[in-house]
Amino acid sequence: MFYVGGQQSERKKWTHCFESVTSIIFCTALSEYDQVLLEKTRNRMAESLVLFESIVNSWWFLRASIILFLNKIDLFKKKLPRVALERYLPGYMGGADINKAAKYILWKFMQANWARLSIYPHLTQVTDTSNIRVVFAAVKETILQNALKDSSIL
């Protein structure tokens, strides 16, 4: 497992190094929809969507499945009633309904998948150990299934 987050300027340097990966775990913070990047060039959610789109549609990852963690659901639940999602994602019209908001953000990520890769989304809260145990069990199963398919065992 490799962490490849970080500064925007470094991203293009590592993409080709992962040509043969079978799964990618992509994490984004739901609660950062109203925040800007350290470089102050773009909204964090918008940047996350752009990065996701570049990865999911990259030639290097055509055989990979994507495990999408929509993280910090706990902070998102607290923030949504106070900070309108509509201000940052103008197409959203569901108000402070947490389910509608999370589904809309998931829909935005799914719309970026032109390559039609398999995407396995999970709402996560890393401080909730029982949630993370369940999510990681599902992730391990997904990776195992994909590996068995790639090796023609399934």
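Contact is taken here to mean heavy atoms within 4.5 Å. The model is a predicted one, in which local features need pLDDT of at least 70 and side-chain atom pairs count only at pLDDT 80 or more, while totals for chains, interfaces and linings use all residues. Residues are numbered from 1 along each chain as its sequence is written, and side-chain values use heavy atoms, with hydrogens and water left out.

Helices (DSSP runs of H or I, at least four residues) and strands (runs of E, at least two) are numbered from the N terminus. Three strands form an open sheet in the order β1-β2-β3, with parallel pairing, two strands being paired if DSSP finds at least two bridges between them. The edge positions are held by β1 (23–29) and β3 (119–123), each of which has a single partner strand, so that one side of each is left without a neighbour in the sheet. On average, and with direction ignored, neighbouring strands of this sheet are turned by 20° against each other. Strand β2 (residues 65–71) pairs with β3 in the parallel sense over five bridges, and Leu70 has Leu123 of β3 as its bridge partner.

Angles run from 0 to 180 degrees between N-to-C directions, and axes are lines fitted to C-alpha atoms, for helices over the stretch in contact.

Within α3, Phe109 counts as buried at 0% relative accessibility, where buried means under 20% relative accessible area, exposed over 50% and partly exposed in between (1.4 Å probe, protein chains only). Neighbours within four places in sequence left aside, Phe109 is in contact with Phe26, Thr28, Met45, Ser48, Leu49, Phe52, Leu68 and Leu70. The C-alpha atoms of Phe109 and Phe52 are 7.3 Å apart in space, although the two residues are 57 residues apart in sequence.

Glu32, in the loop between β1 and α1, likewise counts as buried, at 18% relative accessibility. With neighbours within four places in sequence again excluded, Glu32 is in contact with Arg44, Met45 and Lys72.
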